[in-house]
Amino acid sequence: FGSTNGRPTVDDVVRALHSLGVDVRTIGIAQRQSAGVFVLDAVGEDGSAVTVKVYGRDAHDTQLLTTAWRTVWYRESGAPSWFGRREQAEHEALVTLLARQDGVVTSRVVTAGATLSGDVALVLSDNGEPIGDDAWTSGVVADSWAALGTLHDANIAHGSVDDQSIRRYGDHVGLIDLRGAQVAP
């Protein structure tokens with residue numbers, strides 16, 4: 001299930017999604033990629049926007065190196081380095097479900113599962129729109145703080161908020177990409 005550059009092809013991902021019971025109309029490599037995970041943007045059969053994250057064989061090693069680098073360079077801890085690819089996908093799915101359950105506007109978990117090749121896919125439905133550079137008005141900033149406050153009230157720390165993790169959902173502002181989020185004790 002992998003190519004020579006360490007990640008699956010788009011056709012491999014489509015086959016893996018089909019085996020997980022998810023069919024898509026269109027799919028392509030997402031513009032923004034994160035270390036240790038291969039991200040694709042798709043349109044589901046129902047027309048909804050879908051984000052597919054594939055945690056492959058290199059996910060654990062990459063996460064370990066990223067965590068070590070962030071710890072040394074920024075003197076901060078990253079996501080726990082003991083997570084393997086299955087645990088990374090499960091972690092993001094669980095935190096996303098917990099956040100949504102507690103009123104945070106965020107992606108909906110469609111499914112998560114291992115592929116025949118041992119990679120792990122997480123499928124999220126997300127019909128939010130990115131906040132463009134020209135949309136940063138005082139209202140959007142206030143709504144972003146409110147979304148973070150709701151996440152905080154759910155005892156969850158996002159871990160890596162940036163302009164790409166904030167989305168507009170109609171009249172609401174929400175948060176996505178809870179991969180590095182941590183649940184407080």
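Reader: What makes E6, E8 and E9 an open sheet of three strands?

Author: In this predicted model, the three strands stand in the order E6-E8-E9 with antiparallel pairing. The edge strands are E6 and E9, each of which pairs on one side only.

Reader: How do you know that E6 and E8 pair?

Author: Strands pair if at least two bridges are found between them. Two bridges join E6, residues 129-130, to E8, residues 166-169, and the two strands therefore count as paired. One of the bridge partners is known by name: Glu-129 has Arg-168 of E8 as its partner.

Reader: Which residue of the hairpin of E8 and E9 takes a positive phi?

Author: That residue is Gly-170, with a phi near 65°, in a hairpin that has two residues between the strands. A positive phi also occurs at Gly-21, which follows helix H1 and has a value near 85°.

Reader: Which residues of H1 are called buried, and why?

Author: Helix H1 spans residues 10-19, and its buried residues are Asp-12, Val-13, Ala-16 and Leu-17. They are called buried because the relative accessible area of each is under 20%.

Reader: Why are these residues placed on the same side of H1?

Author: They cover an arc of only 135° around the axis, which puts them on the same side of H1. In general, an α-helix has 3.6 residues a turn, so residues three or four places apart point the same way. On the other side of H1, Asp-11, Arg-15 and His-18 are exposed; the term is used because each has over 50% relative accessible area.

Reader: What covers the buried residues of H1?

Author: The cover includes strands E1 (24-29), E2 (38-44), E3 (49-55) and E5 (120-125). Contact here means heavy atoms within 4.5 Å.

Reader: How many helices and strands does the protein chain have, and what is the order of its elements?

Author: There are four helices and 10 strands. From the N terminus on, the elements run α-β-β-β-α-α-β-β-β-α-β-β-β-β.

Terms used:
Residues numbered from 1 in each chain as written. Predicted model: local features only at pLDDT ≥ 70, side-chain atom pairs only at ≥ 80, totals over all residues. Heavy atoms only, no water. Buried < 20%, exposed > 50% of the residue type's maximum accessible area, 1.4 Å probe, protein only. Arc of directions from axis to C-beta.
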